[in-house]
Amino acid sequence: LADLDTARADPASDREMANRYEQSARAGDDDAQFNLGALHASGVGRQRSDAEAFRWFQRAADQGHSHGMLIVAGLYASGRGVAKDNVKAYSWAYIVSSASQVDEYRNGARQLMSLLMNKMTSDEIGRAVVAARAWRAVRTTGVGKASGIERAVENPPTQPAPSAVVSQPASSSSITTLPAPSKATAAPAAKREDARDLLDQVPTGLRKRFGF
């Protein structure tokens, strides 16, 4: 995407760019879904809407887009664009911390998990881990309701989850496999002041780039 300040100076160009992303996003491209979410979050080329931003980030996450997963975890933790839900936030962060190939995303996910653990019961953490292990990447488009972790949390499996998650790797940042540890992964301690804004725990480059 173009530099944010330059993009804001040309609304017509912004809309054209957003239209291209939306066309690809509705066809199921996870990178386009992620970028469209960022445009909605920052109000570039689209009316600013946290709810719409969450919807497109979630679609990217459902396909295994690891950066999208981390953003969705932060949005669930902070209640931005969606009802706050620590269990779902922990589940998404758990997948990223276990399977992402990008160090920055894994570290951000583990720090977020550390913050969430202080606010969750052991039963909630257990449910989050079970849901994460049951998760499967699915192709999502702009039509219909997204599923992902939401369905796994709300309808927990009655049988133990298989030991691997197979994804359709639509981009280099996508999750491809998820090991199935027997218990929640320990996360490094986070600074107390970091809890002021859980969304800050996701890669800072995204906030700076899109005006979060």
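1. Asp 50 counts as partly exposed because its relative accessibility is 24% (buried is under 20% relative accessible area, exposed over 50%, partly exposed in between, with a 1.4 Å probe and protein chains only). Arg 48, at 47%, is also partly exposed. The two side chains meet in a salt bridge, 3.3 Å from N to O (a side-chain nitrogen of Lys or Arg within 4 Å of a carboxyl oxygen of Asp or Glu).

2. This is a predicted model, in which local features need pLDDT of at least 70 and side-chain atom pairs pLDDT 80 or more, while totals for chains, interfaces and linings use all residues. Residues are numbered from 1 along each chain as its sequence is written, and side-chain values use heavy atoms, without hydrogens and water.

3. The structure holds nine salt bridges. One of them joins Arg 46 to Glu 22, with the closest N and O atoms 2.7 Å apart. Arg 46 lies in the loop between α3 and α4 (50–62) and Glu 22 in helix α2, 24 residues apart (helices are DSSP runs of H or I, at least four residues, numbered from the N terminus). Both Arg 46 and Glu 22 are buried.

4. Glu 52 forms a salt bridge with Arg 55, the closest N and O atoms being 3.0 Å apart. The two are three residues apart in helix α4, so about one helical turn separates them. Glu 52 has a relative accessible area of 26% and is therefore partly exposed.

5. Asn 86 is found in helix α6 (residues 86–99). Asn 86 counts as buried, because its relative accessibility is 18%.
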